[in-house]
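Here's a quick walk through this assembly, chain by chain and contact by contact. Have a look at the model first, then read on.

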Amino acid sequence: MVPRDRPALRSIPIPKDRRYQPRRVGYSALKRFTARELLSYSLLFFALAALLVTIYSLLPWLIKQVPAFAVGGELSGWGQVVYGVLAAMLGFTVVAVAALILILMLRKYLALVQNRYGPLHYGPAGAFQTVADAIKLLVKEDFTPGKADRLIFTLAPLMVFVSALLLLTVIPFAPGWVLADTSVGLIIIIAAGTIGAYGVLLAGWSSENKFGLLGGLRATAQLISYEIPLALSLLTVAVWVGSLNLSAIVEAQRLWWTALPLFISLLVYLIASLAEIKMVPFDLPEAESELVAGFNTEYSGMRFGFFFVAEFGELFLLPAIAVTLFFGGYHQPLAGWWDFADVLRGWGGFGEFLANLYGLFWFLLKTALLSWLIMWLRATLPRFRDDQLMELCWKALIPLSLVGLVVAVVLRLVFK
Amino acid sequence: MLRPTELAPVPGAQEMLVNLGPQHPATHGVLKVVLGIDGERVTRAVPHIGFLHRNHEKIEESRTYHQVIPYLDRMDYVSGLQNELPFCLAVEELAGIEVPERAKYIRTALFELNRIISHLVWIGTYMLDLGAITPFLYAFRDRELALDIVERTTGGRMLPNYYTFGGVRRDINPRFWQELTDFVDYFEGVLPEYEALTVDAPVFQARTVGIGVLPPELAVNHGISGPMLRASGVAHDLRKDQPYDAYPWLDFEVITRSEGDCWARSKLRCQEFYQSIELIRQCVKKAPRTGPYLGKGRLKIEAGRQRYRAVEASRGQLGVYLYSDGGPGPYRSKHRSPSFTNLQALPDLFVGQRFSDVIAILGSMDIVLGEVDR
Amino acid sequence: MILKDVLGALRDIGKGMAVVQRAPRKGVATKLYPYELPELPPVSCQSLALITEADGSDRCISCLLCEKVCPSQVIAIERKRNPDGKGFVLERFDIDLVNCMYCAACVEACPVSAIVTIGDFELSTYDLQTLKADKEFLDAQGRRAKQWYSPKYGVEYRDEHGSIVRAPLAEQPGGEATMLEAKAEESEQ
Amino acid sequence: MSEITLDDQARKLTLGVETVYHAPSPAAYRRLGERLYGAGYDFPQCLSGVDMEYGLRVVVNLRRLRDQAEVTLWLDVPYEAPQVPTLCDLWGGLEWHEREAYDLVGLHFSGHPDHRRILLEDDWTIHPLQRRYDTGGYLIPEWRPKPWPEAASSDASDQAPVEAAEAVTPKEAETGSSELSQLKALSAAFAAKLQAQGITSLKALAELSDEALTPLATAIGLKSAAAVAKWREQARQLQEGA
């Protein structure tokens, strides 16, 4: 209601020495946040993730191009060493970048549904916020509480992170693009999850903090309990397909996804993986309003960063496993009828590469959709209580996963 | 401070003492509760308050009646306007100041608006306690709209200093009733969303149904008031039982629920949203559009007069005991804050519950530490 | 029975998820504060200021009322007899804006609307001593303020010549009573 | 309210709209409380302590939810014997209010299950809502207790002797105010603490031997020996100047 000839209240000038002086650079860019922006940035990140995964998957081939490391089409002794070092580094990068992207996307998505902007100031529409956060975590003081068990306190975050990293090695991103194409891929997935439970327990225990201990115990109970339905639902896939090799499982889903016959197992897997990620509604181990920060109460700096990256890396990896096992992996939907990848493969050597990229695209798309589902749940739900969590696991999920197993056996006997 | 007896172990329990607070995300301020925990089971709870103590009552001894009012806003800073009313009522009754009808309606409408503001803060922080962040931001989004109305009317958002003896301090702006109507219409539209995210949500129900049941006899004996008492099935509401301002002319029913658990308290507050909306509508309809906003009267209270006057604030019975020695200010004014009295039920409700439930119960009590410690 | 419960629970969860997904339609509620300043109503009491007339003289008549009514006792006034005329002139007018509660009791007590509320909320400082406001600072605040409010005169502002003008009735927040009073004054003129 | 049989000395007052029962003695207060509880006053509203300047008064506001009747209960106790029987076994809601009245006003509630300070720290020494303290928590030097009013006469003689450490016998009545102001010249805070130790003038302070001064300095909170010496020197100079 202020008339035009009079400046509005907002323009009251304040002397400079008394004024709070904000950064006024790039204000026009700040205002541009919309849902469309979110989408376009997610596409960019999508490309970045695809690039990283491509390099990661092409690593053996790249190393073989160096004559010293290749012997008759296979890696030489030194080649193996170089490959091992580079693969570990690249794997770390892939998980870290995936985590950074997912953290940013989660924050942006939560901001979108909560009528706010979210990170906005670093990079276009806040795109580099997580990078800045990562740098901040890296340069923070490496602090250990006085009473903590130093060795375990230091090693625990690494165990959690390595468990996430191990999952990465067995996932086929495209035909042939898999680091360890072992015949026991499913077993490795189960084993890796168990290591993470140890890491969380030791983190809570070694930090000599009551909240940390409570959080660690809660996490252990939760993770170990949910290993069972998780493993059982993974087992149904093995029963149905008849292989523990993930590539073989993906190849078996060219036409029909496993999700259709093994619907029950899929449901169990999704709920159990939510619990494994320790995300709402199963975030009891680090329930902020109850246990301050749970098992990572005493952690700061990059040690906390490892937990954080591992959690969000799992937000990428567990949906990735779900996609691999239940949603046809890198295949486009109904690839058994007509597959664009086959068309691409017809073009020869480079077409093969393009076909793999095409598979990677579908893989990442399905994974992103599943991750988004988890984020959506996180935006909606409060958290369960610890005993309800256990009841859900032991009274609902485990019987349900056994039912799923029986269904898988019966279906296999009938249809194959 | 713990007494030695409190440190003695409970026989048969492997107990760990945990300090819940004073700096803890779920204590809504600086409440400290020493919890004995056996596994996840709470074996004892000893609350410690006073971290925010400012001794308003001593300050008020050296202030005049008018100067006391700004201090009252600081007690329950979530619904600041409500704190001023019992003091104004007590002084008006002692000094015999008449309040014009229009001022009564203005007061009542703002009082109910503050109830909405307060319950919005509660719903947000309670969901935050239970692990959901989204309703918190929705609640604060809508609270801003209500606070804007308060600011346009009184000049302050949370600490308005608006009620005074004989009415209100300054006239409302001409668009006040229209603003109220607009807000109430909007808010009634959003309320189902809150209910879908809170009282109707299955996970919320799993966390709250049957948790922290407060028996009505215990509630009455402990002097518990407000939504906590009404959720236990006791129909005690000072708006109806000892009406003040415009409430005698408004048409409403006291809401009660019989369950007495955390869910009942939450549901009751959601129902009170609707009730407040309805009351504001009635105020808008019935309030005279012209007339004085401040009654005439001489602010002189004889020596030896005393009065205990209470109103039904958003957390319960908010009262003031006023004793006058004939001077220009209160000789002694004791504030009976609902949070302080409701918090006494804490050990009774906590012991035997799980650690997660403790948070749910504490949140459902809806305490404001500024009011507890005064 | 169990299936019905589970399905009902899933339906209710779905309802909540739908609410969350529909929320972005309401738009962004955040104000980017340093870049977007809030539209404060003219009555908003963010800070205090002293008003000087267009010729530079004080409105304040040194009646000490504000000093007396201040609940937190942060106003300190010293005055002396006006050497050329009746009344008093100010020697010192200090407000401790750190301890001030911004209850605006002084503004209501002031018989000449010399002390007013303004909407300047950007007084953040690293040094609290800068908020022990003296008369020069308060005068400067009054000169800088584009509009201000006092219950007696309502919203006022300075026109381009620097003289103080009362805002038109449509803008006055004071309500019907104040408006009618003002109308009566206008009709007299 | 007619169903309550009054104690032999209890007075029923009607102040405005309020009904007040004024108990003459702690025992009568307890009996009145029990009778009110028996009469159905089930909802404890408030319990306040008031410093009446001749003694302390406890005010209990009760409500009966059945018919919304309100009643007030008064008891006056002298400063020397602020013992009040507790009512929190009848109304659990008065427990914290009684603790607060003890904490801020200095009433002692005998029989209270958890008789601790509630808002202030446990090692706080004063009860700030008593009129003898100013807002800084220091003793007001001119403060004098008023004589006990005849109307509210209490059988204070049958009170138990003071046992609690907090029951401060006012020293101001015995000493002249000029001596007090001498002490105040040092520091109001220390003057109050010194008074509690029985030192009422600079002369008494300066004449104190070192052996006697050291525990005194500890008691009033002076930490280092240097601070004690400096402070004592200051007192000596002041006394010489006077």
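## Chain C: burial and layout

In this predicted model, 32% of the 189 residues of chain C count as buried. Look at the contacts in chain C with a separation of 6 or more, and 62% of them come from residues 24 or more positions apart.

As for secondary structure, chain C has 5 helices and 8 strands. Reading from the N terminus, they come in the order α-β-α-β-β-α-β-β-α-β-β-β-α.

## A three-stranded sheet in chain C

Chain C has an open sheet of 3 strands, ordered E2-E3-E5, and the pairing is antiparallel. Strand E2 (75-81) and strand E5 (132-133) of chain C sit at the edges with a single partner strand each, so one side of each has no neighbour in the sheet.

Strand E3 (residues 88-96) of chain C runs antiparallel to E5(C), and 2 bridges join them. In this part of the sheet, C:Asp96 stands opposite C:Lys132 in E5(C). Helix H4 (residues 135-144) of chain C packs on the sheet, where it touches E3 and E5 of chain C. The direction of H4(C) makes about 85° with that of E3(C).

## The five-stranded sheet of chain D

Over in chain D, there's an open sheet of 5 strands with mixed pairing, in the order E1-E2-E5-E4-E3. Strand E1 (11-15) and E3 of chain D are the edge strands; each has a single partner strand, so one side of each is left without a neighbour in the sheet. From one strand to the next, the twist averages 25°.

Inside that order, strand E2 (residues 18-23) and strand E5 (residues 69-77) of chain D pair in the parallel sense over 4 bridges, and D:Tyr21 stands opposite D:Leu73 in E5(D). Two helices of chain D are worth a look here. Helix H1 (residues 26-38) of chain D packs on the sheet and touches E2, E4 and E5 of chain D, with its direction at about 165° to that of E5(D). H2(D) packs on the sheet as well, touching E3 and E4 of chain D, and its direction makes about 5° with that of E3(D).

## Where chain D meets chain B

This contact takes 28 residues from chain D and 34 residues from chain B. On the chain D side, strand E3 (43-51), strand E4 (56-64) and helix H2 (94-104) are the elements that give two or more residues. E3(D) gives the most, with 6 residues. Sorted by class, the chain D side has 14 nonpolar, 9 polar and 5 charged residues.

## Where chain B meets chain A

Here 24 residues of chain B are in contact with 23 residues of chain A. The chain B elements giving two or more residues to this side are strand E1 (16-20), helix H5 (101-129), helix H6 (134-154), helix H8 (202-208) and helix H15 (355-365). By class, the chain B side divides into 14 nonpolar, 4 polar and 6 charged residues.

## The H5–H6 pair in chain B

How do H5(B) and H6(B) pack? Their axes are 8 Å apart and the angle is about 160°, which is over 145, so the two helices are roughly antiparallel to each other. The crossing of H5(B) past H6(B) is left-handed.

Residues from H5(B) at this contact include B:Leu110, B:Ile117 and B:Leu128, and those from H6(B) include B:Phe136, B:Phe140 and B:Val150. The residues of the contact divide into 17 nonpolar, 2 polar and 2 charged.

Key: Residues numbered from 1 in each chain as written. Chains lettered and ligands numbered in written order. Predicted model: local features only at pLDDT ≥ 70, side-chain atom pairs only at ≥ 80, totals over all residues. Contact = placed C-beta atoms within 7 Å. Nonpolar A, V, L, I, M, F, W, Y, C, P; charged D, E, K, R; others polar. Buried ≥ 20, exposed ≤ 12 C-beta atoms within 10 Å, placed from the backbone. Axes fitted to C-alpha atoms, helices over the stretch in contact; angles between N-to-C directions. Parallel < 35°, antiparallel > 145°, perpendicular 65-115°, else oblique. Left-handed = near helix turned anticlockwise from the far one by under 90°. Pairing = 2+ DSSP bridges.
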